[in-house]
Amino acid sequence: MNKHSIQPREAVRALRGFTPDLSDLTIPELRQLLGREDVIKLSFNESPYGPSPQVITALGEAAAQAHLYHDPEGKELRVALAQHFGVTSDGIFLANGADEIITLVAQAFLSPGDEVIVADPTFGQYAFAARLMGAQPVVVPVRLDLTTDLDAMAGAITASTKVIVLCNPNNPTGLVFGGNELESFLKKVPDQVLVLLDEAYAEYVDSSDFKSGIDLLDKYPNIIAVRTFSKIYGLAGLRLGYGITRPQVAELIDRVRSPFNVNALAQAAALAALADTSYCVRIAALNGTERRRLTAHLSALGYKVYPAQTNFIFADIGKDSDALCQALANEGIIIRSGSNWSMPTFVRITLGNSLQNDKLIAALQKYHK
Ligand SMILES: Cc1ncc(COP(=O)(O)O)c(C=O)c1O
């Protein structure tokens, strides 16, 4: 058989496989490539603090039951999340990371020819998921101050618009928009258009202006709020994201979800993580301290630092950032260049712990000497 006779479906033909660059490599790969053990990876917005000790205990217990299939509906965790947020569990759905939520929403709602409005820059999975279903991403640039341009996004709505994705706080900018701005935007969105509000970094926000989509669900039934255990809870490797929406919308998404999509260990870990109520508060405080400290140091170097509400900082260094990223890599520190978003003078730096950030600051000072 001629291998070229095997063809993917139309939408897949236009997709390109992922080509990792240096900042996408794993720590073991980086150690080998850079020939050093002391690699500090600040390019993935992972938590440097690890999971709660209670999670590690729960994982040990769950591991002993790994031979059994678990509840395919994740009821216990959905009930715990419902209590946590004061919503009903039938509006909550679980997925293998927030990434899978984005894909599930695309699979449930998008057809070829539909339009999905996304900001630019923003998290790349939204446009990918749209293309996967043969839908068209409609890209709306952020404003000059890098805030999400909600007016322009509302202005981009057409009869073909099916989904609008808002990332709040936005990755890579780290910026939030406030509740008033969100509500005036939502008022302009037709009922049949879904608003996917990706709040992967919400737990790091300290701006009183921020309003979660979860608190607006009663008023705006077309919202799907997306959260994850990958960031503040430090469970990225276990893959657990969840969506909160109206039960009618959750039921539609559930039709395309594969039964055991969230594994038993991830669910056990998430239950323990939610039960350790002080953990999140402690990590948010540590992150806030490091965010203020790194912001001050980067500003002192002459960088234009944007007021991040996340566990990463986005900054304009005023010159080619690839050169800086390479110089830092030579010191064993990996950050992400803005060229990932065609912003070649920007860097996105995940906040490490205080020791990691000390090393980063020293390496930056050396570079700029
Ligand atoms: C905005 C945003 N949404 C979703 C995700 C994916 O999270 P998860 O690890 O839960 O798939 C990320 C990961 O970096 C992200 O930045």
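The points below take the basis of the values, then the ligand, then the aromatic pairs and the charges over rings.

1. This is a predicted model, in which local features need pLDDT of at least 70 and side-chain atom pairs count only at pLDDT 80 or more, while totals for chains, interfaces and linings use all residues. Residues are numbered from 1 along each chain as its sequence is written, and side-chain values use heavy atoms, with hydrogens and water left out.

2. The ligand is surrounded by 14 residues, the closest being Ala98, Asp198, Tyr201, Thr228 and Ser230 (a residue is near if one of its heavy atoms lies within 4 Å). By class, this shell holds six nonpolar, four polar and four charged residues, where Ala, Val, Leu, Ile, Met, Phe, Trp, Tyr, Cys and Pro count as nonpolar, Asp, Glu, Lys and Arg as charged, and the others, Gly among them, as polar.

3. An oxygen atom of the ligand lies 2.6 Å from a backbone N or O atom of Ala98; an N or O atom in the side chain of Tyr201 is likewise 2.6 Å from an oxygen atom of the ligand, and for the side chain of Arg239 the corresponding distance is 2.7 Å. Of the 400 Å² of accessible area that the ligand has on its own, the protein covers 93% (Shrake-Rupley method, 1.4 Å probe).

4. Nine aromatic pairs are found in the whole structure (ring centres within 6.5 Å; planes under 30 degrees apart count as stacked, over 60 as edge-to-face and the rest as tilted). The pair of Tyr69 and Phe260 is tilted, because the ring centres are 4.9 Å apart and the planes stand at 35 degrees. Tyr69 lies in the loop between α3 (53-63) and α4 (75-85) and Phe260 in the loop between α9 (247-254) and α10 (264-275), so this pair ties together parts 191 residues apart in sequence (helices are DSSP runs of H or I with at least four residues, strands runs of E with at least two). Tyr69 is exposed at 73% relative accessibility, whereas Phe260, at 36%, is partly exposed (buried is under 20%, exposed over 50%, partly exposed in between).

5. Tyr201 also forms an edge-to-face pair with Phe312, at 5.0 Å centre to centre and 80 degrees between the planes. Tyr201 is buried at 4%, and Phe312 is buried at 0% relative accessibility.

6. The charged end of Lys41 sits over the ring of Phe44, 3.7 Å from its centre (NZ of Lys or CZ of Arg within 6 Å of the ring centre and within 35 degrees of the ring normal).

Note on methods:
Polar contact = N/O pair within 3.5 Å; in protein donor to acceptor, adjacent residues only side chain to side chain. Phe/Tyr/Trp six-rings, centres within 6.5 Å; stacked < 30°, edge-to-face > 60°. Buried < 20%, exposed > 50% of the residue type's maximum accessible area, 1.4 Å probe, protein only.
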